[in-house]
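Me: I'm new to this one and would like to go through it slowly. Could you look at it with me?

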Amino acid sequence: MRRTLAEFRSFDRPIQLLQINQAGINLGFYMLMPYLAQHLSTGAGLAAWTIGLVLGLRNLSQQGLFLIGGTLADRLGYKPLIMLGCALRTIGFALFGLTTSLPWLLVAAAVTGVAGALFNPAARAYLACEAGERKVAAFAVFNVFYQGGILLGPLVGIALLNAGFAAVCLSAAGVFAVLTVMQGLCLPARSGPAGEHQPVLSDWRRAFGDRAFVSFAAAMIASYALSFQMYLALPLEVERVGGGESGVMALYALSALLGIAGQVRLTAWCSARWSRGQAISRGLALMGIAFLPPAATAHLVLPPGWALLPLVACTLLLTLGTLAAFPFEMATIADLAGDRLIGTYYGVYNLLSGIGILTGNLLAGALVDAGRSNGMTALPWALLAAAGLASAAAVRRLDRRERLPVAGRVPAG
């Protein structure tokens, strides 16, 4: 942690504020979201399909509007979009605690999702612009704060549940209200490099027509499907082997602690030895390899207490692969965007990543069901491993063909 703190202090105040802001965003989000489905069922008395509707609308409104949020950030400036997103999430989270009416819960879900679509691309674009040539290091520290929020959020939330779900929601809303005020007072206004704005559709055509960028985004889609298995395939497997909710929480805590303790050191190690493309592709390969331990032991009857070990190994390797790739991935997107459309590029990238998560969840869920019913329980894990290795090979091929930027140099074509 000493090295992380030293790296944090080496950045200017705007970058420090953005990193603290991300910790606050995740703290507020994970205070509430892990417990929302249960509240909607027991507290609001909603049927399962309506709970799915509320949660699905939140995700759809966020993923579907990332492109709009990124474009607005490029045109209006990054600070207003970050503040507006946090203010809207204040309203959305407060509504979750103040009503059990389905129409208002749907409004809360939509507002909460739109908020994420506004501040996520803007914050990443601001960080990339402000960090300059130190993008990789800035995003490494950013991820430490990101993981810190994920670790603390559920713990704070479960402590507040003793006072009622409304207390959780209003406290989470309060976190976002504080973030809104703090950014208004302390965060300098920042936009991307000045330039004449083209029509919005021209900006979108440029992003979607950028072959190097789209190829990179397509190659990375599988990584988001793999990382999201922390919330789908791994918890299902923990439940199947008798680990219960405590086993699931232990895996989440292990992943977050590894990110907090190891991100900056691992990024420095990778930077000293590999190019950006090599770091990303090897991180993806490690993410794929992560699913081999559960695949290898899927048909074995392990002694009590040993059944969780393959899942612990999977979590460790999956987290390490993500940590290796993430800072270089974020820096690569910013450099591919060039000098004017960083928010738009992050918006497009997040949109495509959301499609990858949705598709990956549908396929992974179907494979888990099919594998269990057909006695082929190793199949989902083996295919997830293959997807990670294929993604790594695709990024490595782009790097060898010099389609990825090197230290800020954007590839031709």
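Me: Which helix holds the place of V214?
Reply: This is a predicted model, and in it V214 has its place in helix α10, which covers residues 211-227.

Me: And is V214 buried, partly exposed or exposed?
Reply: V214 counts as partly exposed, because its relative accessibility is 28%, and the partly exposed class lies between the 20% limit for buried and the 50% limit for exposed.

Me: What is V214 in contact with, leaving aside neighbours within four places in sequence?
Reply: With those neighbours set aside, V214 is in contact with A207 and F208.

Me: How far is V214 from L352 in space?
Reply: From C-alpha to C-alpha, V214 and L352 are 9.4 Å apart, although 138 residues separate them in sequence.

Me: Switching to helix α16, how far does it reach?
Reply: Helix α16 takes in residues 342-373, 32 residues in total, and from its first C-alpha to its last it reaches 46 Å, close to the 46 Å expected at 1.5 Å a residue. Just after α16 comes G375, which takes a positive phi of about 70 degrees.

Me: Now the whole chain: how many helices and strands does it have?
Reply: The protein chain has 17 helices and zero strands. Its radius of gyration is 21 Å, close to the 22 Å that the globule rule gives for 413 residues, so the chain is as compact as a globular protein of that length.

Key
Residues numbered from 1 in each chain as written. Predicted model: local features only at pLDDT ≥ 70, side-chain atom pairs only at ≥ 80, totals over all residues. Heavy atoms only, no water. Helix = DSSP H or I, 4+ residues; strand = E, 2+ residues; numbered from the N terminus. Rg over C-alpha atoms; globule rule 2.2 N^0.38 Å. Expected span 1.5 Å × (residues − 1). Buried < 20%, exposed > 50% of the residue type's maximum accessible area, 1.4 Å probe, protein only. Contact = heavy atoms within 4.5 Å.
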